[in-house]
Amino acid sequence: EYSVQLTFREQWLDERLKFDDIGASNKNKPHFSPPTPALSFCLSLTYTHIHALFHRLHFFFLALHAGRLKYLTLTEANRVWMPDLFFSNEKEGHFHNIIMPNVYIRIFPYGSVLYSIRISLTLACPMNLKLYPLDRQVCSLRMASYGWTTADLVFLWKEGDPVQVVKNLHLPRFTLEKFLTDYCNSKTNTGEYSCLKVDLLFKREFSYYLIQIYIPCCMLVIVSWVSFWLDQGAVPARVSLGVTTLLTMATQTSGINASLPPVSYTKAIDVWTGVCLTFVFGALLEFALVNYASRS
């Protein structure tokens, strides 16, 4: 799994929300119906809001006649119809509400609706660890319609730079090499549902594992070979050195596997630790055989 914090935006056209921008040029903008959304908002307010509502409507129509009203901004998503989008590979997630809810809706004069929200998600990412720690992983972000089939709702990627990644993105153990956008429509017994996905290609940083795993293992193997230069009569020293390096190598292997999920196949790191463990065990076995042969 992996966690991501993102600003999600989607845009659609709702002709019921068209309003007339009087200050706009008739050549550039077609004529639309009166600003009925403002009246529908009035009906949802209580008597205590009438005084403040009067000033807001007065400013609204002044801005409308002055041609300065480019769009209406809402902060309550339940005011308009929205697509029933969900993240199909989500494990958990939450919205951001500090200091105010990080969400807005913009309604443009021609009926276009822009929805933007900031969310944090934990998403499932099945990994293939056969080449660990020299591997590359592809993690996906899938967005699909829950109840509307493709006959009613179709998701499309925005043309030109649909996914934006911060330039100073820093991950402790991975590097984001590239990302690809694609479609992933799914067919079930109830119909075909529109789906979008982003594939993120991560490359694992090798420097961390070089310092924490590979160099210590090489040092343990070299230390086990020191027993070859000890006097063959120094039995306690050679046995202690061999057993100590063997147990240390076994502990190192256990620590590596403890930080990884259990899998049924052999990983690249398993081959490395297995070869190192064989060299350490061979050094201890060599002393036992030489000592036995010398006494015989």
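Q: What share of the 296 residues in the protein chain do buried residues make up?
A: Buried residues come to 33% of the 296 residues in the protein chain. Buried means under 20% relative accessible area, exposed means over 50%, and partly exposed is in between, with a 1.4 Å probe and protein chains only.

Q: And what kind of model is this?
A: This is a predicted model: local features need pLDDT of at least 70, side-chain atom pairs count only at pLDDT 80 or more, and totals for chains, interfaces and linings use all residues. Residues are numbered from 1 along each chain as its sequence is written, and side-chain values use heavy atoms, with hydrogens and water left out.

Q: OK, how many helices and strands does the protein chain have?
A: Five helices and 11 strands. Both are DSSP runs numbered from the N terminus: H or I with at least four residues for helices, E with at least two for strands.

Q: Of the contacts between residues at least 6 apart in sequence, what share join residues at least 24 apart?
A: That share is 74% in the protein chain. A contact here is heavy atoms within 4.5 Å.

Q: Switching to cysteines, how many disulfides turn up in the whole structure?
A: The search finds two, where a disulfide is a pair of cysteine sulfur atoms within 2.5 Å. Counting bonded cysteines along the chain, the pattern is 1-2, 3-4.

Q: Which cysteine does Cys-125 bond to, and how far apart are the sulfur atoms?
A: Cys-125 pairs with Cys-139, and the sulfur atoms are 1.9 Å apart. That pair links distant parts of the chain, 14 residues apart: Cys-125 is in the loop between β6 (112-123) and β7 (136-145), and Cys-139 is in strand β7. The link is left-handed, with -80° about the S-S bond. Cys-125 and Cys-139 are both buried.

Q: What about Cys-184, which cysteine is it joined to?
A: Cys-184 is joined to Cys-195, S to S 2.0 Å.

Q: How many bridges do β7 and β11 have?
A: Nine, in the antiparallel sense. One of the residues involved is Gln-137, whose bridge partner in β11 is Phe-202.

Q: Now helix α4. Which of its residues are buried?
A: Arg-238, Gly-242, Thr-245, Met-249, Thr-253 and Ile-256. The buried residues of α4 pack against α3 (206-224) and α5 (268-295).

Q: What does Thr-245 touch, leaving out residues up to four places away in sequence?
A: Thr-245 touches Leu-220, Val-223, Ser-224 and Val-280. Its relative accessible area is 4%.

Q: Last topic: how many aromatic pairs are there in the whole structure?
A: There are 11. Rings of Phe, Tyr and Trp (its six-membered ring) pair if their centres lie within 6.5 Å; planes under 30 degrees apart count as stacked, over 60 as edge-to-face and the rest as tilted. Among the pairs is Phe-206 with Tyr-214, which is tilted, at 5.3 Å centre to centre and 50° between the planes. Phe-206 is partly exposed at 31%, whereas Tyr-214 is buried at 12%.

Q: Which residues do ring pairs link into a cluster?
A: Tyr-71, Phe-108 and Tyr-110.

Definitions and conventions: Pairing = 2+ DSSP bridges.
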